[in-house]
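Please open the model in a viewer and keep the selection tool at hand.

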Amino acid sequence: MSRARVAAIPAPYSRARRAALGLALPLAALIAWELSARFGTVPSYLIAPSVIFATTWEMAASGELWQHTSASLVRAMGGYAIGGAAGIAMGLLAGIARPVERFYDPIVSLTYPVPKIVVLPILIAWLGSGDASKIAVVTAAVFYPTFINAMYGAKGVNRIYVWSARNMGANAAQVFAKVILPAALPQVLTGSRIGLALAFIVTVAAEMQNSRGGLGHLVIAAEDSMRFDLMYSAIVAIAIIGFAGDRVLVALRRRALAGQALGKEGAHG
Amino acid sequence: MALLDVRDLMKTFRRGARQVQAIDRFSLTVEEGEFVAIVGPSGCGKSTFLHILGGFEPHDGGTMLLNGAPVEGPGPDRGMLFQEFALYPWRSVIGNVGWALEVQGMPKAKRVAAAEKYLKLVGLSAFRDSYPAELSGGMKQRVALARVLAFEPRILLMDEPFGALDAQTRELMQEELNAIWQQTRNTVLFVTHDIDEAIYLADRVVVFTARPGRLKDEFEIELERPRRADVRKTAAYMAYRNRVWDSLRDEVLKAREEFR
């Protein structure tokens, strides 16, 4: 036989090419949108992207957009911090202690499918119409995915990991901190990522119902005054902070799971 | 006095109304520095025995003395090597090997030096900063062995440690373990279903019966040490192999009946 021919292996995508691929669809849509708006084939509520950009720029320059954005961020991040911390802590506990799991199981199953936004009126009656009621409803929404993922993360830890830790002389606290926690971390982070998206969704929904200030309020206020361009500015701002938050979590995940991620991609036996 | 003295060990698994007797009055003594292999048909309770000895499973009767003291719960006086390696994927190789010393509170410099020493013993110094996911199966088990050796247990408990490896890697690992044992002279209790592995490695081969596991036979393996790989081709080795297989064969057949 002649020398084996080396198969043509496609060069791995460069960072730039990967980014370009991801941007292709949104960019094409944007161009199509702009062109149709210019040549008058779309309804009036589909404002041209260039107009939206100009309005957003103006709003940002005047500081008004930032006011709404920071009001939303306080609510979203406040609820995310409280709900996420409680969800992860309780979830890990429920994952390692059967009585804790039994304690939470019925109430979580019962209330999980209820859209958390429906309790906002009750929370407003109780906590007032300020930030507290909104933070409370975001807290409730974030709790579920973080709790459930942390619980299954801790429950799913390979028994052999725990056995070998006990074998090496680790006490219960060390088993938790040095085995359960890192082993459950990938799923804890998955729950945190879902929770983050929910935090933004519920914040905006709450602000659309009842609020002074915030991006959800901006959408409603713009609708009332028929300012469709403003509405889009609010939507753009929501998308940007949501995207930025998600990217931060993805980067954190990559750092935290340096070794564990290897196995998922690697071809080593 | 023997280092390990197990007497009349009993174990029954219960799930609901179903009961399965796994081990029935099993007794075994192991001397300091002795390498004992346990062979038996699959499902005979030999791994269960090791798990009980490791302190992971409770037992229902009998006594287990290690160095004169009763065995209770898991502890670093018994070093357990699992078939599944049980390396922590979030830790580098050196972080895994030093793990036991870390939880036992050894200062970092001392711990790293000890871990490096054992990593060198298993020939993986070059991989100290790799993660387990980057290693082959054989390398993972060598790291796991270094990790167990590093905390210097009184006895090594090996639960089919090469069972997850391919045939060629397994044979090389046996030779490697033999060479390492020649240097460290640990007391070892090695569970396997592979007769060749048992004879090649051990000073004594213990045969388990089909379930419920009981001691059936013991064979002293008087092959000269250090053993080279080609000892497997000698007449003396083949004679041992035939004797152990004759003893084991009936039990394997019995175990197979049960699963029909």
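**First stop: a helix across a sheet**

Select helix H1 (residues 46-54) of chain B, which lies across S3, S6, strand S7 (155-159), S8 and strand S9 (204-208) of chain B and runs at about 145° to S7(B). Helices (H or I, at least four residues) and strands (E, at least two) are DSSP runs numbered from the N terminus. Angles run from 0 to 180 degrees between N-to-C directions, and axes are lines fitted to C-alpha atoms, for helices over the stretch in contact. Two residues are in contact if their C-beta atoms, placed from the backbone, lie within 7 Å.

The model is predicted: local features require pLDDT of at least 70 and side-chain atom pairs count only at pLDDT 80 or more, whereas totals for chains, interfaces and linings use all residues. Residues are numbered from 1 along each chain as its sequence is written, and chains are lettered from A and ligands numbered from 1 in the order in which they are written.

**The six-stranded sheet of chain B**

Next, select the strands of the open sheet, which number six and follow the order S6-S7-S8-S3-S9-S10 (chain B) with mixed pairing. Strands count as paired if DSSP finds at least two bridges between them. Strand S6 (78-81) and strand S10 (215-220) of chain B each have a single partner strand and stand at the edges, so one side of each has no neighbour in the sheet. On average, neighbouring strands of this sheet are turned by 15° against each other, direction ignored.

Within this sheet, highlight strand S3 (residues 35-39) of chain B and strand S8 (residues 187-192) of chain B, which run parallel and are joined by five bridges. B:Ile38 is found opposite B:Val191 in S8(B).

**An antiparallel pair and a hairpin**

Move to strand S1 (residues 4-15) of chain B, which pairs with strand S4 (residues 61-66) of chain B in the antiparallel sense over five bridges. Here B:Met10 stands opposite B:Gly61 in S4(B). S4(B) also runs antiparallel to strand S5 (residues 69-70) of chain B, with two bridges between them; B:Leu65 has B:Pro70 in S5(B) as its bridge partner. S4(B) and S5(B) form a hairpin with two residues between them, and B:Asn67 in the turn has a positive phi of about 55°.

**The two domains of chain B**

Colour chain B by its domain assignment: domain 1 (1-77 + 154-233) and domain 2 (85-152). These bounds come from an automatic or database domain assignment. The C-alpha centres of domain 1 of chain B and domain 2 of chain B are 24 Å apart. Their contact takes eleven residues from domain 1 of chain B and ten residues from domain 2 of chain B. On the domain 1 side, helix H6 (residues 167-184) of chain B gives the most, with five residues.

**Across to chain A**

Now display the interface, where 25 residues of chain B are in contact with 19 residues of chain A. Helix H3 (residues 99-103) of chain B supplies the largest share of the chain B side, three residues.

Finally, select chain A, which has eleven helices and zero strands. Its C-alpha atoms fill a box of roughly 75 × 70 × 30 Å, taken along the principal axes. Focus on helix H3 (residues 64-96) of chain A and helix H8 (residues 172-209) of chain A, whose axes come within 8 Å and cross at roughly 145°. Among the residues in this contact are A:Gly79, A:Gly83 and A:Gly87 in H3(A), and A:Ala184, A:Val188 and A:Gly195 in H8(A).
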